[in-house]
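Dear colleague,

I am handing over the structure that you will find just below. Please read it alongside the notes that come after it.

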Amino acid sequence: MAQPNDAALRLHPIGAKAYPGWTPAMVTAISRLRESGRKWYSLYDKVGSADILRWSWHQVAANRGAAGVDGQSVKAFGAQAELHLAELQRRLAQRRYQPLPGRRCWIAKEGRQKARRPLGIPAVRDRVVQAAVVNVLEPIFEAEFLDCSCGYRPGRSQLQALDRVSAALAQGQTWVVEADIRGCFDNIPRVPLLDAVAERVADGTLLELLAAFLKAGVLEGQVFQPTEAGTPQGAVLSPLLCNIYLHRLDRALAAQGFTLVRFADDFVVLCHSQAEAEAALPAVRGVLAALGLTLSEEKTRIVHVEEASFTFLGYTFYRTYRFPSDRAMRRLRAKLRPVTRRQQPQRLPAVIERVNPILRGWGNYFCHGHCQKRFARLDAWVRMRLRSFLRKRKAGGLTHFRWPNAFFAALGLVSLTAQFCSADPLRRGAAV
């Protein structure tokens with residue numbers, strides 16, 4: 001059976017500098033309590049400490065985000081931050097703090113035009129307290145999480161998850177269980193979730209605060225909707241709670257010898273043979289059933305990478321290649337279309353100034369693979385959109401002669417191919 005992640009503390013050293021309120025003696029105790037199975041008791045006072053609240057506020061301010069149901073923006077909170085933090089500290093100390101409902105908003109689901117995903121946006125003050133709870137709980141659970149879990153953890157990233165998949169494929173684990181948990185965040189049962197936290201935390205007041213956040217509900221317009229299950233998407237607490245709950249899946253599959261790579265609720269299982277993959281799938285179903293969760297059967301399948309591709313974290317894997325998925329390409333084009341539309345009162349340099357950050361951000365994520373051909377297609381598509389923009393304002397003709405590629409390069413248009421593919425042999429490799 002795989003052992004707990006002993007490298008966690010090295011990846012994200014815990015101490016006064018990294019986590020205000022965590023003394024060297026407490027850091028040492030994390031390892032000791034993990035080995036003995038004992039619990040942590042007095043933690044609530046740390047959530048309400050001035051240092052942790054102030055540090056948590058800086059994290060919330062850095063992430064920005066929209067206002068909650070009280071209408072208070074991050075900027076407005078920051079204008080009187082010390083006053084608001086002092087009030088939060090008083091309410092927490094007096095056990096009078098009550099979370100507000102989240103503000104319901106809907107975003108389009110990836111790759112599905114009509115389907116929408118519900119978000120519950122907490123008030124800024126609630127985000128600060130949630131971040132404080134995370135900063136107190138994270139060191140305890142981080143010491144136990146396994147290396148297969150890469151999502152929303154200090155010192156971990158999507159790139160690490162992608163590299164673990166590529167490494168497993170290179171080692172001959174070419175049979176892949178591509179799985180999707182149906183509405184994971186919305187369907188995590190509340191009582192078992194709090195029980196999972198209580199396996200390591202015996203501070204009843206802190207557990208009550210967690211329960212209050214989970215039961216806060218959402219406000220859509222003027223209508224209050226209670227939440228009976230799940231941890232709200234958009235809440236600062238949700239990624240950590242998801243990792244705590246799905247840690248049981250990590251342990252169970254590791255104990256059975258399966259290679260799991262998980263990023264929050266998105267995961268794949270890599271196997272050496274079809275028989276192993278066919279054994280892994282019911283094992284996953286069984287663990288999830290015990291957790292009160294189910295797989296989305298229409299999105300779950302077994303593939304062999306020599307015969308078919310699979311997608312994980314926006315990348316398509318096929319044989320020895322990984323490259324931006326078709327869905328990722330469509331999403332980028334959808335994001336660029338309104339910016340490059342022909343009928344807008346903008347000059348070309350202003351349009352390019354809006355296009356470039358989108359291209360850089362997308363390229364920075366998707367350049368870690370065999371990307372040259374797909375990047376070249378996107379470069380050509382962007383220039384086509386900009387030539388159409390210019391043609392609307394000028395005379396017709398052969399636009400690729402009037403405005404050649406060098407014309408856009410001289411104006412500073414980002415070229416994905418030139419910026420990300422010229423120096424790295426992997427990125428210049430054959431794309432599919």
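Predicted model: local features only at pLDDT ≥ 70, side-chain atom pairs only at ≥ 80, totals over all residues.

Residues are numbered from 1 along each chain as its sequence is written, and side-chain values use heavy atoms, with hydrogens and water left out.

On confidence, the pLDDT (the predictor's confidence in each residue, from 0 to 100) averages 87 over the protein, and 86% of the residues score at least 70. Residues 1-17 stay under 50, and for them the model has 36 contacts beyond four places in sequence, a contact being heavy atoms within 4.5 Å. Residues 428-432 are also below 50, with 13 contacts beyond near neighbours in sequence.

As for the overall fold, the protein has 19 helices and 11 strands, taken as DSSP runs (H or I of at least four residues for helices, E of at least two for strands) and numbered from the N terminus. Of its 432 residues, 50% count as buried, where buried means under 20% relative accessible area, exposed over 50% and partly exposed in between, with a 1.4 Å probe and protein chains only. Among contacts with a separation of 6 or more, 71% are between residues 24 or more positions apart. The accessible surface is about 20400 Å², of which 52% belongs to carbon and sulfur atoms; the areas come from the Shrake-Rupley method with a 1.4 Å probe, and for residues only the protein chains shown count as cover.

Turning to the rings, the whole structure holds 11 aromatic pairs, that is, rings of Phe, Tyr and Trp (its six-membered ring) with centres within 6.5 Å, called stacked if the planes are under 30 degrees apart, edge-to-face if over 60 and tilted otherwise. Phe407 and Phe408 make an edge-to-face pair, at 5.2 Å centre to centre and 80° between the planes; Phe407 is partly exposed at 31% relative accessibility, whereas Phe408 is buried at 1%. Ring pairs also link Tyr315, Trp362, Tyr365, Phe366, Phe375 and Phe420 into a cluster.

His304, in strand S8 (residues 301-304), is buried at 16% and, leaving aside neighbours within four places in sequence, is in contact with Thr174 and Trp175.

Two residues other than glycine with positive phi may be worth a look: Arg95, with phi near 60°, is in the loop between H6 and strand S1 (102-108), and Leu313, with phi near 55°, is in the loop between strand S9 (310-312) and strand S10 (315-318), where Leu313 counts as buried at 11% relative accessibility.
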